[in-house]
Structure formats: structure tokens, C-alpha cells
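Q: Got a model open here and want a quick rundown. Can we start with the contacts?

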Amino acid sequence: MPDNTTFPSLATPARDRYDPGYDPLVDTSPGHGRDYAPTYWIGTAGEPPPDDGPVQGDMDADVVIIGSGFTGLNAAIALARDHGIKAVVLEANRAAWGCSTRNGGQAQCASGRLSRSQWIARWGMDTAQRMHQECVDAMEYFKQMTADIDCEQQPGGHWYLAHKPSVMPKLEKEAKLLRETFNYDAKIYDAATVRRDWVNDHECAGAMHEPEGIGIHAAKLAFGYLRKARALGARVHPASPVIGWETRNGIHYLKTPGGTVRARAVGVATGGYTSQTLHKELKNRLLPILSNSIATRPLTEAEIREAGIHTTQFFTDTRVLRHYYRLMPDRTLQIGSRSAITGRAAPDPHYQDMLERDLVRKFPSLKDVEIKYSYWGWVDVSHDMMPRIVQPDSKQSIYYALGYGGNGVMYSAQAGRRLAMLIAGKPDGAFDLPIFQDRLPFPNVREMVTSEVFAPFRRFGQRFLYKWYYLKDEVL
């Protein structure tokens, strides 16, 4: 293991500019020391904390974690704290450069994109109830992990806001299931109550409120995790992309621009920024989806009153191409939704314009408010909409935690802990749940992308689905 007694006093600066058109399905590497995306989180977090600098020379490690976001840093924390293993964390660009500083900052009691009723349909009642308990346990763990991090927590729960009246029966049915089957106190509110007492979203046709939900400042949380991991002895090396990976006699040789790291075990936590060329086990296992966000300048108290925003709890509407929004502690209003199909198209102003129109549709009085931040990021969506924290091949000491589908802010802490348990060889009774049992699936035949040969056509299918979802959300 490398010596962990020296602590650099500064964060490693960027060696390359931010690339707004990066696309993990096309580009062979996420970069080498690229700067952060210009997000609200990075713009308001202050200076990043110190790290351990790029890899310089060859080194040995018991465990390497690839990816320094929420999941990777939590894995490093748990490895050191619970198992006495001081991991080496490799990051291609700057610390917490990917999903962890580009998300909506919404920590909700979920894992993956499926609802509880969909869990029952897929796995049966017993497994669905145990999956729910896994999420409840994960939420408690998240609260413990963030209790001493100043990440601007905004507790109080999470709102699913019906964007049209026809959605309300489904919400009512789900809330009843949550209360009666999962003992989870979800409540239904009519449109008049929501608009009067909580938020005057002009699209609101009613809402379901779930009791667990915490808004956080994403970059301040990531930087807090980074400090914890390094204080426990983990080493975090930015500007150290894995540009070659060979395994010989059970040892992984991870080549970086500054040297090769030899590791006995490797955990992958690269989220939506997982390169197609990182390792053959991961090729075509995820469909990266772009999510776009804008954030206003801080609103005045008069503007907040006129808009009818009475809470700092966060909202997700019921569109398939959903919107999510929240009023921040500094009175900035942030809203996000789906964006372009490809990285090359992402910088097109059309997508910011769309989101600005969506904001005004919900809050007409904010029509002329300045937009201070506009940014986008890749979401790691699995082909069955659920994450995996697994060792895909029992003969190889390779592990990964991937596929959150946009619900990773909270669950990534638990996933990092679960990943550490797998790597340390100490899984517990929860590991017979489906998300710990098998690999991320390949796309199926119905999606017309059953193999590597058909992988490029996924984007064509995505375009078709977006058109269908628009019709479903707005017309039908």
C-alpha cells in the first residue's frame, strides 16, 4: 500500500477545459484533468478541498475504486472505517467531476426508477417489501453520513406533483399501497391545497407527498465525502484516467498517464460517465441519458410570494420526461428535466429555452427572471431501470455499483457501503435481493439493441421513445 501520511494542501487544478459535448456512448475517454461543468453547485460550493494529486509513478494497492463521486467516495469511506482497507481512488478529471456535481440534489427514499407497485409486479410482494426496507435503511444511513457535513440540508419530504388530472388515480393508488402495504405514510393532497399551502405550480392537478426526502447541496456533499475519505486514509488521485486495464494472475494493472496502479481488487463507480472502453464487462450495460438544469438568480422575497412558493421541499412532476425543482436556501430556484439525445447536441440553446418555457409554464410570474446557471449531465440508466451492486464474475475481483437512473443522491451512500462489503468479502443478509445478484442486463430484443453490433441504434430508439413520451405526457 502507498504511504498515506502526507496530505497536499490544495485541490489539483484543472489541466484541461470543460467539454460541454462529452458523450460516454461515443467518446473513448471522459478526459484527463478536465475542469468542472459550470453548475450551480460548483459555482456556490467554494474551493474544492485538497486531494492527493495525479498518480505519479507505479504503485500497489489492495483496492482501487474508479470514480470519485458519491458512490466511489462512500466505498472508500466504508472500506477504511468498517474493514481496515485504505483504498486508492482514481478519477479521470477533478474530484466528484461527474454525476455528483450535476444532479438535482434530491435525496429521496428510492433506488432506481421503478415504483413500489412495479417492484411487486416484477419480483413479488416479499422481495418488494425487502427492497423497500433496503431503501428505508439506506435513508437512515444517508442521514448518518451527512449529519456532520454542511451540505445545506432541506428536510421535510418529497412531492410527486400530478401534471394533469388523469394522473391522480394512479397517484392515489400508489399512496394507498405505500401506506397499507409498506407502512410508509404517503399522503394525497388536492390541487387547491397544494397550490395554496405549498407551491402554486400552475400545472398542479394534485399531489402525493412522501415523508422521506432531503434536499442537499450536491457539491458541498461531495466535498464533504472527499474530506471524510481522505481523513480515514483513502487516497484520491484526480487527473488519473484509467487508459488501460489488464488482469494477470489475479492482479489488475490499471494504466494511467502518470503510472500503473497494481490492485488486488477493483470497484467501478463511474455512473453516467462510464466509458465504453473502460472494461469489456461494462460495455453496453448502461444507456446514458442527459438531464438539463437551469438555476435562476436568487429571488427576492416579493418574487417568491408572487410565485407562490411556500416550501423548500422538492418536487418531481409525473411526466415520463419528468421535471424536478426546488427553492434553495439562497432563494435560487433550480429546475431540471431531460435534455438532448447526444452530447454533441447538448450545448444547443434550444434545450435551455425549452426548460425556461417549462419554468414559466409552472410559475408565470418568473417570466423575466435572469437565468444564472445552465448545465447538463449524464444519468446512468440501466436497461431494466434498476441499479446493480455486484461482483459480475466470481472468478474475477471486479465489482461495480451502477445504474441508479437518476435516483442516486441518497442511495449512492448505501451503494458505496454495499460495494465495500462485497470487496471486503463480508456481505450481509440483504445481498440476496435482485440488485445484488446479477449483472446489469443488456438491452433486450424489443429495444432492437441486443448486442454490441446494434448498440449505436439505441439512440434511434431513444428519439422515438422521447416523441412517444411527449405525446403521453402532453397530449394523450
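A: In the protein chain, 78% of the contacts with a separation of 6 or more are between residues 24 or more positions apart; contact means heavy atoms within 4.5 Å. This is a predicted model, where local features need pLDDT of at least 70, side-chain atom pairs count only at pLDDT 80 or more, and totals for chains, interfaces and linings use all residues. Residues are numbered from 1 along each chain as its sequence is written, and side-chain values use heavy atoms, with hydrogens and water left out.

Q: How much of the chain is buried?
A: Buried residues make up 59% of the 476. Buried is under 20% relative accessible area, exposed over 50%, partly exposed in between (1.4 Å probe, protein chains only).

Q: Switching to alanine 345: where does it lie?
A: Alanine 345 is in the loop between strand S16 (333-338) and helix H9 (349-362). Helices (H or I, at least four residues) and strands (E, at least two) are DSSP runs, numbered from the N terminus.

Q: How accessible is alanine 345, then?
A: Its relative accessible area is 27%, so alanine 345 is partly exposed.

Q: Which residues does alanine 345 touch?
A: Ala340 and Tyr351, leaving aside neighbours within four places in sequence.
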